[in-house]
Amino acid sequence: MPWSAPPPAPLCPVCKRPVFAPEAYMASDRTPYHKTCLKCSTCKKSLTPASLNEHQKNLFCPLCYEDLFNPQDGIPERSVMQVLPIQGIFTVEKKLKEEFLSPEELRKREEALAAAKAWEEATEKTDPNASSIRIMETVSIAPEDSISL
């Protein structure tokens, strides 16, 4: 069996010189590049294999790639779809859930709403004069023999 030469090393697309295995950095399409040739085509920023974006044998940093191939055009990233009413008439149907609640469940719901309202009133921010008025009301309502400081 005759001796044959090993296959030639692949060429770097940037500098057109051979790239040997120890110095090769592979792009997504398995094209080898030299470490010194890994630079963005537009801004000439040095790239790492993690920040490498390739398009038609051209290398791009993430920012340049985003600007070139994913333009925003003023469209928000996540737009909320608005559903318009049929024939321009918007009707709200009444909720019929309360019809199926027992009287005890309705009473509990009313108590919970009253407690929530009382909590809001108690924790709402007021001016210092309003709290002194509440203290005066409490003192005036309380019997005189029960006041002790």
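Biologist: Leaving aside neighbours within four places in sequence, which residues is Glu-54 in contact with?
Modeller: Glu-54 is in contact with Ala-27, Ser-28, Asp-29, Thr-31, Tyr-33, Leu-59 and Tyr-65, where contact means heavy atoms within 4.5 Å. Bear in mind that this is a predicted model: local features need pLDDT of at least 70, side-chain atom pairs count only at pLDDT 80 or more, and totals for chains, interfaces and linings use all residues. Residues are numbered from 1 along each chain as its sequence is written, and side-chain values use heavy atoms, with hydrogens and water left out.

Biologist: Where does Glu-54 lie, and is Glu-54 buried or exposed?
Modeller: Glu-54 lies in strand β3, residues 53-55. Strands (E, at least two residues) and helices (H or I, at least four) are DSSP runs numbered from the N terminus. Glu-54 counts as buried because its relative accessibility is 16%; buried means under 20% relative accessible area, exposed over 50%, and partly exposed in between, with a 1.4 Å probe and protein chains only.

Biologist: What pLDDT does the protein chain average?
Modeller: The average is 77, and 64% of the residues score at least 70. pLDDT is the predictor's confidence in each residue, from 0 to 100.

Biologist: Rings next. How many aromatic pairs are in the whole structure?
Modeller: A search finds 3. Rings of Phe, Tyr and Trp (its six-membered ring) pair if their centres lie within 6.5 Å; planes under 30 degrees apart are stacked, over 60 edge-to-face, the rest tilted. One of the pairs is Phe-60 with Phe-69, edge-to-face at 5.5 Å centre to centre and 75 degrees between the planes.

Biologist: Why is the pair of Tyr-65 and Phe-69 called tilted?
Modeller: Their planes are at 50 degrees, so the pair is tilted, and the centres are 4.9 Å apart. Tyr-65 and Phe-69 are 4 residues apart in helix α1, about one helical turn. Phe-60, Tyr-65 and Phe-69 form one aromatic cluster.

Biologist: What is the relative accessibility of Phe-60?
Modeller: Phe-60 is at 6%, so it counts as buried. Phe-69 is partly exposed at 36%, and Tyr-65 is partly exposed at 29%.

Biologist: Switching topic: how many salt bridges does the structure hold?
Modeller: There are 2, a salt bridge being a side-chain nitrogen of Lys or Arg within 4 Å of a carboxyl oxygen of Asp or Glu. Glu-104 pairs with Lys-108, with the closest N and O atoms 3.4 Å apart. Arg-107 and Glu-111 meet at 2.8 Å, N to O.

Biologist: How many residues apart are Glu-104 and Lys-108 in helix α2?
Modeller: They are 4 residues apart in helix α2 (residues 103-123), about one helical turn. Arg-107 and Glu-111 also lie in helix α2, 4 residues apart, about one turn. Glu-104 is partly exposed at 47%, and Arg-107 is partly exposed at 41%.

Biologist: Last topic. How many disulfides does the count come to?
Modeller: The count is 0; a disulfide here is a pair of cysteine sulfur atoms within 2.5 Å. Cys-43 is in no disulfide, and its nearest cysteine sulfur, that of Cys-40, is 3.6 Å away.
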